[in-house]
Amino acid sequence: MHRNLGRLDGPVLLFGGPVSNLQATSSLLAQADAWSIPAEHRICTGDVTAYCGAPAQTVDLIRERDVIVVAGNCEKQLASEAEGCGCGFEDGSTCDRLSAAWYAYANKAVGPDARRWMSTCPDIVSFYHQGARYAMIHGGLTDVARFVWPVSGPEVFAEEWHAIEVAIGPVDHVIAGHCGLPFQKTTAQGNWINPGVIGLPPNDGGQQTRFAVLDGGEVLFHRLTYDVDSAYASMVNAGLTQGYHTALRSGYWPSEDVLPETLRAPSLARG
């Protein structure tokens with residue numbers, strides 16, 4: 001499913017992964033309001049629900065504020081009432097084992113109306129900005145849960161770019177999410193932009209999360225400050241204490257299994 005937003009003049013808010021973090025989502029939308037970024041210029045790369053403690057409330061807020069959402073693996077899995085998150089973690093990895101608890105919690109909390117809304121989220125969103133055409137997806141178009149990293153090989157970007165252009169025609173730049181790390185990479189095809197996720201820090205030892213604003217054809221990355229202690233308490237109260245709750249405070253993911261070795265934090269940095 002493809003949604004064409006047409007021409008977007010002015011700043012465009014780009015973000016991914018609210019991941020059931022209501023406090024971070026509220027903070028981001030308050031910042032967008034302060035910057036006078038309209039609803040039709042606020043676009044999310046998906047995974048509104050995941051690790052944190054307020055899945056239903058986060059979905060409600062995103063919908064109430066008319067945020068445009070690309071279907072992530074979590075939207076697709078919850079919409080189809082699947083048994084797992086479909087995150088693409090390797091079988092038996094720490095991330096794979098830890099996902100069982102938070103997905104079960106979200107699957108129980110999200111109601112039928114929210115699932116119907118998730119089923120309507122497009123696989124691709126496209127728009128024009130400053131004369132360039134952008135396509136937004138979740139992980140990859142060949143696989144919604146594909147991890148595309150800043151260190152991925154050129155063949156990965158080329159394969160995904162080809163799939164996008166087969167689906168919707170030529171694009172100048174791609175915006176994607178899923179991997180949890182913010183970056184912009186110049187490829188042979190154009191810029192690949194990942195604005196990061198707002199619900200978890202990017203495994204850098206800090207509590208602030210990330211988002212981006214596209215303005216004047218330039219991508220500006222920003223840090224998001226929010227009420228970490230309330231988000232932590234929400235997870236504890238929900239019984240989601242498998243490790244992602246501590247990541248909100250420590251700034252480090254409970255497992256780096258999913259990360260390429262070159263992107264993992266040095267052990268000394270983790271303490």
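Of the 271 residues of the protein chain, 54% count as buried, where buried means under 20% relative accessible area, exposed over 50% and partly exposed in between, with a 1.4 Å probe and protein chains only. This is a predicted model, in which local features need pLDDT of at least 70 and side-chain atom pairs count only at pLDDT 80 or more, whereas totals for chains, interfaces and linings use all residues. Residues are numbered from 1 along each chain as its sequence is written, and side-chain values use heavy atoms, with hydrogens and water left out.

For 271 residues, a compact globule would have a radius of gyration near 18 Å, and the 17 Å of the protein chain agrees with this; the radius is taken over C-alpha atoms, and the globule rule is 2.2 Å times the number of residues to the power 0.38. Along the principal axes, the C-alpha atoms fill a box of roughly 45 × 40 × 35 Å. The secondary structure comes to nine helices and 11 strands, which are DSSP runs numbered from the N terminus (helices H or I, at least four residues; strands E, at least two). Among contacts between residues at least 6 apart in sequence, 69% join residues at least 24 apart, contact meaning heavy atoms within 4.5 Å.

Helix α5, spanning residues 112-119, has Ala114, Arg115, Trp117 and Met118 as its buried residues. Seen down the axis of α5, these buried residues fall within an arc of 160 degrees, so they line one face of the helix; the arc is that of the directions from the helix axis to the C-beta atoms. The face turned away from the buried side of α5 carries the exposed residues Pro112 and Arg116.

Tyr105 has its place in helix α4, residues 94-109, and with a relative accessible area of 29% Tyr105 is partly exposed. Leaving aside neighbours within four places in sequence, Tyr105 is in contact with Gly53, Pro55, Ala238 and Leu240. The C-alpha atoms of Tyr105 and Ala50 are separated by 9.0 Å, although these residues are 55 residues apart along the chain.

Ala132 lies in strand β6, residues 132-136, and counts as buried at 12% relative accessibility. Once its neighbours within four places in sequence are left aside, Ala132 is in contact with Phe127, Asp172 and His173. Between Ala132 and Leu61, which are 71 residues apart along the chain, the C-alpha atoms are separated by 31 Å.
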